[in-house]
Amino acid sequence: MSDDSSQPADTMVERSSNPRWKLWLLLNGNRWFVTVLLAAFAFVGLLVISQVSPVSLRALMGEKEPVHFLFQALVTSLITGVTLVLTINQLVLSQELGAVDDQRGRLEGSLEFHEDVENVIDAPISPPDPASFLQAIIDASQDRAAEFREAVDDSRDEEFEERVDDFVDNVTSHAETVHDELDDAQFGTYEVIKSALDYNYSWKIFRARRLRNVHADSFTDEAREAHDQLLESLKLFGLAREHFKTLYFQWELINLSRGIMYVSVPSLIVAMSMIAFFDADAVSGTALGIDAVVWVVVAAATVSIVPFLLLVAFVLRLGTMAKRTLAIGPFILRESNRNEEIDWD
């Protein structure tokens, strides 16, 4: 078995090949702030295009009606967007609606999962909030890792002991870091899921199983039992993370639909006003060397596309999260060292 030089970094930021600014844009940034940045980019971009264009907007408006055509299309898009919001809400609500038997099955499954976790964390009852629930499982994995190390302390296989020490050090130090991140995290914010994504349980499962495979002859009954309990805690963390990720997706889709409804009304008013009441002849003068007509049209267009930009901001995060967590268990879908030699015998 090769060494663990190919082990991925602990945090998601360190594991990502993307620069920090891109990861912030895709995941970590507040979605409303990202929307404002996208709106600012659109505003500035349209201003720049208006200045490099060989034909002025005011001249075009004298021959055609580009503003009316533009805002008519935006009104149609906004109304279509509201329909999309209703579809999203229907999708989310469809997960919550069902017969009594379906709801009973969900409830019983949830209670069984809580009981499994309570057996692992050695507690009469598991914490009710997601952050504390994840903390309890992480703490259990840390304790089980320490017990695993104690169980192999007297092994005659020095290489086995060294690899177990390295593995346990990684589990315990990483568990402490993620536990601290979850201290003030509240479900509904991205912080809970971000901390859960930082805990790369899949690699830990892989390393634990590889230790068992390569050093099977060095495992005592005590070590085997401690190893199984450690694996069970890591598996339960994976299930809990997937469950809370699904709930977070539903939570964010509801927030997205509400947000689009909030911004669609003023955006629709602005777009309709530009069709019904805007007169280029009533706007004169310049500001910063740019025709006032351009300022008005660009500002109105930017406000009108805010619902679309909000949708982009939310979908960037949800799509990135879905891509990074497609696999459950010891699968690594991102780029990694594929030349590592593993002794499976």
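Helices (H or I, at least four residues) and strands (E, at least two) are DSSP runs, numbered from the N terminus. The model is predicted: local features need pLDDT of at least 70 and side-chain atom pairs pLDDT 80 or more, while totals for chains, interfaces and linings use all residues. Residues are numbered from 1 along each chain as its sequence is written, and side-chain values use heavy atoms, without hydrogens and water.

**View 1. Pro266 in helix α11.** Pro266 is part of helix α11 (residues 221-276). Its relative accessible area is 41%, and Pro266 therefore counts as partly exposed (buried is under 20%, exposed over 50%, partly exposed in between, with a 1.4 Å probe and protein chains only).

**View 2. Helices α7 and α8.** The axes of α7 (residues 130-151) and α8 (residues 158-181) come within 9 Å and cross at roughly 160°; axes are lines fitted to C-alpha atoms over the stretch in contact, and angles run from 0 to 180 degrees between N-to-C directions. Therefore α7 is roughly antiparallel to α8 (angles over 145 degrees).

**View 3. The contact of α7 with α8.** Residues of α7, including Ile138, Ala145 and Phe148, meet residues of α8, among them Phe167, Val171 and His179 (contact means heavy atoms within 4.5 Å). The residues of this contact comprise 10 nonpolar, 5 polar and 5 charged; Ala, Val, Leu, Ile, Met, Phe, Trp, Tyr, Cys and Pro count as nonpolar, Asp, Glu, Lys and Arg as charged, and the others, Gly among them, as polar.

Key. Angles under 35 degrees count as roughly parallel, over 145 as roughly antiparallel, 65 to 115 as roughly perpendicular and the rest as oblique.
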